[in-house]
There are 2 protein chains.
Amino acid sequence: MTHRTYNLALIGFGNVGRTFISLLARKRERLINEHSLDFRITGVATRTLGWLVDPKGFDLDQLLRADFGDAAAADSLRHWMVAARPDAVFETTALNPHTGQPAIDHLRSALEHGAHAISANKGPVVYGYEELTALAAKMHRKFYFESSVMDGAPIFNLFRECLPAIELRGFRGILNSTTNVILEAMEQGQSFDDAVRHTQQIGVAESDPSNDIDGWDAAVKVAALATVLMKHPLKPDQVERVGIRGITKQQIDAAKIDGRRYKVVCSAHLDGDKLHARVAPQALPLSDPLAQVAGTSSVISFETDMLPALAIHEINPGLEAVAYGLLTDFLRAVKE
Amino acid sequence: MTHRTYNLALIGFGNVGRTFISLLARKRERLINEHSLDFRITGVATRTLGWLVDPKGFDLDQLLRADFGDAAAADSLRHWMVAARPDAVFETTALNPHTGQPAIDHLRSALEHGAHAISANKGPVVYGYEELTALAAKMHRKFYFESSVMDGAPIFNLFRECLPAIELRGFRGILNSTTNVILEAMEQGQSFDDAVRHTQQIGVAESDPSNDIDGWDAAVKVAALATVLMKHPLKPDQVERVGIRGITKQQIDAAKIDGRRYKVVCSAHLDGDKLHARVAPQALPLSDPLAQVAGTSSVISFETDMLPALAIHEINPGLEAVAYGLLTDFLRAVKE
């Protein structure tokens with residue numbers, strides 16, 4: 001059976017980018033046999049490495065050892081696109097919760113050069129959804145971003161592909177792992193500062209965890225879901241946002257005695273034409289399914305006109321779940 | 001914008017069929033505007049009414065009052081197909097858990113006459129999957145059956161559309177409402193017989209509830225999921241099956257004291273090449289998410305190579321959820 005070989009290029013080459021390469025290598029045979037496609041990685045770009053290009057394709061084993069051989073470096077995003085000639089660009093740079101940049105520029109350039117634009121970064125979803133979706137349509141390419149919320153668990157694709165003609169009235173979920181793990185550590189007796197340090201040590205929190213602690217990360221997710229699924233464009237600063245800096249050990253202990261547990265609840269609800277969107281810690285009764293979400297697990301429950309509540313629960317995802325979201329976006333983009 | 005009008009025909013016209021007609025009527029504007037399609041119902045068939053046909057389309061209001069006007073009756077399935085000229089046939093007759101008939105004959109005839117075959121009946125999925133899927137491919141039509149497991153919650157479409165190149169290793173869920181409601185009533189103090197009567201009175205159990213009580217309904221669902229999603233053809237009698245007739249109030253009460261709750265757990269797990277599939281009541285600890293599934297809600301948790309556990313939870317579905325599954329199948333079939 002003949003198959004087509006696609007040029008893939010990655011902007012951002014941290015844990016997610018590397019895990020994506022491993023995943024591609026591991027699934028290669030299946031991609032060839034079941035999806036009639038193969039791939040080569042023709043571009044890898046990071047802030048420190050610059051715009052690396054290998055038009056014949058990087059060696060995957062070397063790439064995974066961060067050995068880029070004698071790859072040439074382009075002098076700009078534009079020249080990199082021209083040299084790497086990607087069919088799909090995978091954007092995995094860090095989130096800027098206030099502008100979505102420079103990821104939007106990367107994805108715009110990808111589409112302009114005829115590549116599918118696939119993002120694990122939710123910034124471009126809230127700040128660039130309309131523009132990038134329109135540009136993708138014009139270029140007959142796709143702008144997809146499944147990994148940007150709940151890793152590779154199907155959320156955006158679920159609505160796009162499996163829930164046609166449905167009316168989404170609201171949602172409620174636990175969508176930020178860092179605050180979930182911090183609150184759990186506090187429940188086990190740690191102070192806020194110790195809990196933050198613990199969460200950093202196990203690799204869940206970033207070195208500067210303020211985007212998580214202050215609710216920005218969750219607010220961007222709520223805005224992305226409202227914008228895309230509810231067709232109600234929303235910016236993160238329009239989400240009512242309460243962080244967890246104010247939560248004391250005393251509050252956590254009092255909740256515990258009361259049979260409750262603090263969780264950062266993300267929610268949005270349509271009231272007529274008005275959308276109420278909120279991120280805030282709440283002391284939930286243990287009977288609330290959201291109270292049971294532990295560690296890096298996450299859950300979202302959708303209220304629709306057809307199914308009173310449909311909940312998606314992702315339990316203990318690893319980095320591979322994020323990489324898998326990139327893969328599903330790619331396979332869908334080239335299938336269409 | 002131009003739209004195409006599709007001829008739809010229904011075999012089976014009980015609660016599900018009627019709810020489907022209401023749903024179509026309610027979503028008509030949206031179907032025209034967003035999916036560029038309209039519909040007319042050209043055939044309705046039941047055992048008592050026979051093979052009714054109205055090539056110009058039944059009046060929906062009359063149809064919902066079970067007023068079939070002066071519709072002609074065809075003398076056979078074949079003549080009905082020829083007269084109704086359906087683009088899609090919706091099969092919602094009662095399950096035969098041991099043969100899948102006569103639903104398989106209905107769906108085969110639909111495909112042979114160039115219609116998409118859409119089933120809310122899981123019998124044809126386990127007894128006719130291979131044949132009907134091959135016939136659909138040959139005829140460039142679709143055989144879809146989203147409503148056959150967990151109503152309209154996307155399960156089959158989820159894997160087909162959103163989880164490419166994934167390896168499903170097993171699943172575990174609560175998939176039978178009747179036994180769930182019976183066990184709950186017993187927990188609240190009723191005897192088995194009273195609980196069965198109560199479940200019939202609220203319209204959850206059928207007049208002969210033995211397919212549910214003896215685990216056949218659940219076994220057919222497990223077999224359907226294994227056959228389609230795990231590509232491991234399985235017949236219901238190959239599923240280890242324990243019904244709930246043997247569960248006593250004493251057992252239920254003892255479990256309660258022990259902090260446990262009886263649930264009929266459906267599961268399948270691959271052990272090498274061997275598939276272990278099982279339906280059986282189990283006394284689950286309350287910390288098990290399956291123990292929390294109440295009433296007609298259902299849940300299934302999938303174990304895959306990409307996402308350690310992905311669970312879909314459908315809470316308090318009504319009949320409209322089943323009808324919605326038929327609609328999603330139809331929209332997907334005509335989109336492809």
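Let's start with strand β2 (residues 37–46) of chain A, which is joined to strand β3 (residues 50–53) of chain A by four bridges, the two running antiparallel. Strands and helices here are DSSP runs, with at least two residues of E for a strand and at least four of H or I for a helix, numbered from the N terminus. Two strands count as paired if DSSP finds at least two bridges between them. The link from β2(A) to β3(A) is a hairpin of three residues, and Thr46(A) stands opposite Gly50(A) in β3(A). On we go to strand β4 (residues 72–74) of chain A, which three bridges join to β3(A), again antiparallel. There, Trp51(A) faces Ala74(A) in β4(A).

A quick word on what we have on screen. This is a predicted model, in which local features need pLDDT of at least 70 and side-chain atom pairs count only at pLDDT 80 or more, while totals for chains, interfaces and linings use all residues. Residues are numbered from 1 along each chain as its sequence is written, chains are lettered from A and ligands numbered from 1 in the order in which they are written, and side-chain values use heavy atoms, with hydrogens and water left out.

Now for the two chains together.

Keep your eye on Ile312, please. Which residue stands opposite Ile312(A)? Ile312(B), in β13(B). Strand β13 (residues 309–315) of chain A and β13(B) run antiparallel and are joined by seven bridges.

That pairing belongs to an open sheet of twelve strands with mixed pairing. The order is β9(A)-β11(A)-β10(A)-β8(A)-β12(A)-β13(A)-β13(B)-β12(B)-β8(B)-β10(B)-β11(B)-β9(B). At the edges stand β9 (240–241) of chain A and β9 (240–241) of chain B, each with a single partner strand, so one side of each is left without a neighbour in the sheet. Within chain B, strand β12 (residues 298–304) pairs with β13(B) over five bridges in the antiparallel sense, and Ile300(B) stands opposite Ile312(B).

Next, the interface as a whole. The contact, meaning heavy atoms within 4.5 Å, takes 38 residues from chain B and 38 residues from chain A. Of the interface residues of chain B, 100% are also interface residues in chain A, so the copies meet through the same surface. How much area do the chains bury between them? About 3300 Å², 60% of it on carbon and sulfur atoms; that is the accessible area (1.4 Å probe) that two parts lose on being put together, summed over both. In chain B, Ala165(B), Met306(B) and Tyr324(B) lose the most area to chain A, together 20% of what that side buries.

Seven salt bridges cross between the chains, each a side-chain nitrogen of Lys or Arg within 4 Å of a carboxyl oxygen of Asp or Glu. Lys335(A), for example, forms a salt bridge with Glu161(B), with the closest N and O atoms 3.6 Å apart. The elements giving two or more residues to the side of chain B that touches chain A are α1 (15–35), α6 (156–162), β13 (309–315) and α12 (319–335) of chain B.

Over all chains, the salt bridge count comes to 47. One of them is inside chain A, between Arg26(A) and Glu320(A), at 3.1 Å from N to O. Arg26(A) lies in helix α1 (residues 15–35) and Glu320(A) in helix α12 (residues 319–335) of chain A, so the pair ties together parts that are 294 residues apart in sequence.

Last, some backbone details. Most residues other than glycine have a negative phi, and most peptide bonds are trans. The bond from Gln101(A) to Pro102(A) is cis, with omega near 0°, and Pro102(A) lies in the loop between β5 (88–91) and α4 (103–112) of chain A. In chain B, the bond from Gln101(B) to Pro102(B) is cis, too.

Where does Ser36(B) lie? In the loop between α1 and β2 (37–46) of chain B, and Ser36(B) has a positive phi of about 55° although it is not a glycine. His140(B) has a positive phi near 55°, and lies in the loop between α5 (123–139) and β7 (143–144) of chain B. Thanks, everyone!
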